[in-house]
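Visitor: I would like to go through the charged pairs and the nonpolar core. Could we start with the former?

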Amino acid sequence: MLHAMQPVRTVRALAILPVACIAIALSTGCGGESAQSTPVAVRDIHSVDKGSFDMLLPVSGELAAQQQVEVRNKLETRAIVTEIVPEGTQVARGDVLVRLAQEEIIDRIKDARDKVNTAQSSAVAAQQSLAIKEGERSSELAKADVTVRIAELALQGWLEGEVVNKRQQLELANETAAINLARLKDRFVESDKLVKQGFIAKDEFERDRIAMIEAEAKVKQAALDLEVYEKYQFFQDEAKKRSDLDQARAERSRVEEKFDAELVKSRADVASAEFQLQSAKERLVNLETQLSNTTLVAPIDGLVVYATSIDSSNGGRGGGDAQPPQVGTELRPNELVMILPDVSRMIANLKVSEALSGRIRQGQRVTVYSDAMPNTAIAGEVTGVSVLAATGGWRDPNRREYTVKVALDTKPELGLKPAMRCKAEILLGRVEGVVNIPVQAVFRQGPVAYVYVEATGGFAQRQVSLGQASETQIEVVSGVTPGERVLLREPKPFEVVSKLDPAVFELAAAAPPNFSGAGAGAAEGAPAGEARPRRGRPDGAGAGGPPAGRGRPAGAGEAAPAGTPTAAKDAPTAQPATAAPAPAEAAPAAAVSAPN
């Protein structure tokens, strides 16, 4: 909860009313302008003391539901409203919101079911045809594989059997002929000896010679047969066997390619039939979903708000002049019918100027006042700040504001609704144990901040150095001390007994922009026009605040600039009351700042 402001300063001022009146009466004397002046009101004087105060940032915005759901027409065709819940009804999750006409969709569902049955029959036929083609392919490929295997075995048998046997036969014949030739040669030599010795006849000798010649011919024939086989017959037989194998393999490839092509067509037919079946089923499911979408139910608990009650820029059906949906209204596809904000969990979207957005932190406490219930304080907590700033549009293009989201601790009986305007105070921090005065007591001329301190015969202008500030209170770092009394309004000329040396203002104006003067406020201020009285106090009264019926001083809400010399070190000797009157442009200063 926010700390309450301290109204004790006003009470303390009332206690010293007789002293103030006596002092003013003694200072004015009798006769002249001073004699005609009236005593300073107690409410216009504040006794400086040391204490604590809250730094509050007054802002405005509007309420919104933390969660809200859009209810749209989900039908793809004509949608005619046959039943709709009244606007403003509080509904629970699962309650029927809208009913739409169903007859047209029911007829289309019947047609879609017929198409599904037809597509299913086509898909079954295509699958059976594919199965037949796959069986034929397997059978023909098996036959081709057998032919290939036979050719492979024939080649292998020829290489490992016939070739070896043939070579052995030819080598045997060659060796036999050689041995027989050697034998017959030896016999011919013996026969030659015997015929010369006369032991055998000439005819027998000639037979031995003929036998030797025949053996020589057989040796040559055997060698020639072996050579012809190795050089020609072997390769001829091998080429024939391998050709048979290649032909068998090629035939298998032709069979496989033929059936693969037929299978591709059959599979394409199956895929097409299945796609048509799937499309028909999806269409049927879509129509059945459309049928279920003719009854729109509440997905969450919420308050029924028609789209026609929303500005057209937010998705309404034409703005405030559009007729609300009713029985017989035709809805467009995906048209927003209503929204269901969950009013049990509300947030406040507050607008904060760019100058102060950096001071907002998650978790800061906020007090919110709805315009509908301005005297009811609602506690809240900052949950986040928007990443980008929004402009003021064509009305104020230079304005930059950030949206601060505040989670509210609300109760259903408050009856809060989205889009309600509200005002709020963000607690930026608390300043503890410092010398502070009301912001009405501080005035500025350029970068110099000063107050009017009660002195003998009136009030003396005194330069001050400022620190942190709230909407109503501001810290005084130096320049005044507890117990002194300051004026809460701009004094009249005859009330001023001394003024600051004009050189103070000239020196401050000539100082560099980054000059760290003590006379400037140490905190950033809220933009002009943001400061306002605390909510729930319509008269504007508060600790050190302006009296009832009095307006805020000019320049309220401006930041205290840097670059002013300190009052303690650089303030010149006070001038007499006859010095030049206070410049017309001097104005009281007030600021709302965040902690350093």
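Visitor: How many salt bridges does the count come to?
Guide: The count comes to 34 salt bridges, each a side-chain nitrogen of Lys or Arg within 4 Å of a carboxyl oxygen of Asp or Glu. This is a predicted model, in which local features need pLDDT of at least 70, side-chain atom pairs count only at pLDDT 80 or more, and totals for chains, interfaces and linings use all residues. Residues are numbered from 1 along each chain as its sequence is written, and side-chain values use heavy atoms, with hydrogens and water left out.

Visitor: Which residue forms a salt bridge with Arg78?
Guide: Glu330 does, with the closest N and O atoms 3.7 Å apart. Glu330 lies in strand β10 (residues 330-331) and Arg78 in the loop between β3 (68-72) and β4 (79-84), so the pair ties together parts that are 252 residues apart in sequence. Strands here are DSSP runs (E, at least two residues), as are helices (H or I, at least four), numbered from the N terminus.

Visitor: And which residues are linked in a network of salt bridges?
Guide: Arg137, Asp145, Arg252, Glu256 and Asp260 are linked in this way.

Visitor: Turning to the largest nonpolar core, which residues touch the most other members?
Guide: Leu63, Leu350, Val368 and Ile426 do, out of 34 residues. Such a core is a set of buried Ala, Val, Leu, Ile, Met, Phe, Trp, Tyr and Cys residues joined through side-chain atoms within 4.5 Å, where buried means under 20% relative accessible area (1.4 Å probe, protein chains only).

Visitor: What lies apart from it?
Guide: Another core of 33 residues does, including Ala79 and Val98.

Key
Buried < 20%, exposed > 50% of the residue type's maximum accessible area, 1.4 Å probe, protein only.
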